[in-house]
Amino acid sequence: QLACAMLVAVQVPACVARPCPGAGGASPAPREPYRPKARAAVVGLAAAASSLRRPKRCARRVLQPFAIEPINPFMSEMQANVKFLTGEGLGLLDAESAGKELSACLETSGMDPSEENRQKWREFCYGFENLKEYCSAVLMEEEALKFTTDDGRSLPQVLLDGGVMSAMRVDQGFVPLNSFGEKGTEGMVMLEERCQDFYESGVRLAKWRTQVECNLEMPTDVSVWENT
């Protein structure tokens, strides 16, 4: 119907009076040519076309399964933690030094690399006054969870009392994937159980590392599949 209306509106001919023999052989005065109301036709066509358009799509927010509160009971806590971590002017302190690395640093400084001295170093680092003014979270190693202070507090509790969140690396290093030198991350086995233990210890932020080689030939499909 819209196409027929357009065809009629475009092909309406202009009617011009033709001379016809009359009395005395004089032709009557020509009439004004018929001009169709093109503007009205265009407006009508625009209205008809607009009525045939699809309704505009409204932007909808699609909730992912992990973001639904009944499925993920920790969603509100996660949102609060993300808001806390993104404070203006705050950073993340990476104090993740394995026992051997920390012992080597203490030995280089002329101290006995004993477990007691490692504990003292952690208490000094995590209990630093006004630490919350510089960082929002401290990344610690798993060995630090088994130590307590003289007043019986765990190190995550020491950080929490100082207004700082505790973080933990949950992966277990890298393993070779193929002969191209690509590596995958180890630690998926028993990951949920270990994260549950960390959460009960007071840790609220997890760190997971992934190593991807990028050049003209890599990453390979195996590396992309394994690391995702």
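The side chain of T185 reaches the backbone oxygen of R209 at 2.7 Å, a polar contact in the sense of a pair of N or O atoms within 3.5 Å, where within protein one must be able to donate a hydrogen and the other to accept it, and residues adjacent in sequence count only if both atoms are side-chain atoms. The model is predicted, so that local features need pLDDT of at least 70 and side-chain atom pairs count only at pLDDT 80 or more, whereas totals for chains, interfaces and linings use all residues. Residues are numbered from 1 along each chain as its sequence is written, and side-chain values use heavy atoms, with hydrogens and water left out.

T185 belongs to strand β5 (residues 183–185); helices (H or I, at least four residues) and strands (E, at least two) are DSSP runs numbered from the N terminus. Beyond its neighbours within four places in sequence, T185 is in contact (heavy atoms within 4.5 Å) with D171, G173, F174, W208, R209, T210, Q211 and N227. The C-alpha atoms of T185 and Q172 are 7.2 Å apart, at a sequence distance of 13 residues.

Eight helices and six strands make up the secondary structure of the protein, in the order α-α-α-β-α-α-β-α-β-β-β-α-β-α from the N terminus. Of its 228 residues, 22% count as buried. Among contacts with a separation of 6 or more, 64% are between residues 24 or more positions apart.

One aromatic pair was counted, the criterion being ring centres of Phe, Tyr and Trp (its six-membered ring) within 6.5 Å, with planes under 30 degrees apart counted as stacked, over 60 as edge-to-face and the rest as tilted. The ring centres of F74 and Y199 are 5.4 Å apart and their planes lie at 70°, so the pair is edge-to-face. The pair links distant parts of the chain, 125 residues apart: F74 lies in the loop between α2 (38–52) and α3 (75–85), and Y199 in helix α7 (residues 191–200). F74 is partly exposed at a relative accessible area of 37%, and Y199 is also partly exposed, at 28%.

In helix α5 (residues 115–126), the twelve residues should span 16 Å at 1.5 Å a residue, in agreement with end C-alpha atoms 16 Å apart; the expected span is 1.5 Å times one less than the number of residues. Buried residues of α5 include N117, R118 and Y126.

Methods:
Buried < 20%, exposed > 50% of the residue type's maximum accessible area, 1.4 Å probe, protein only.
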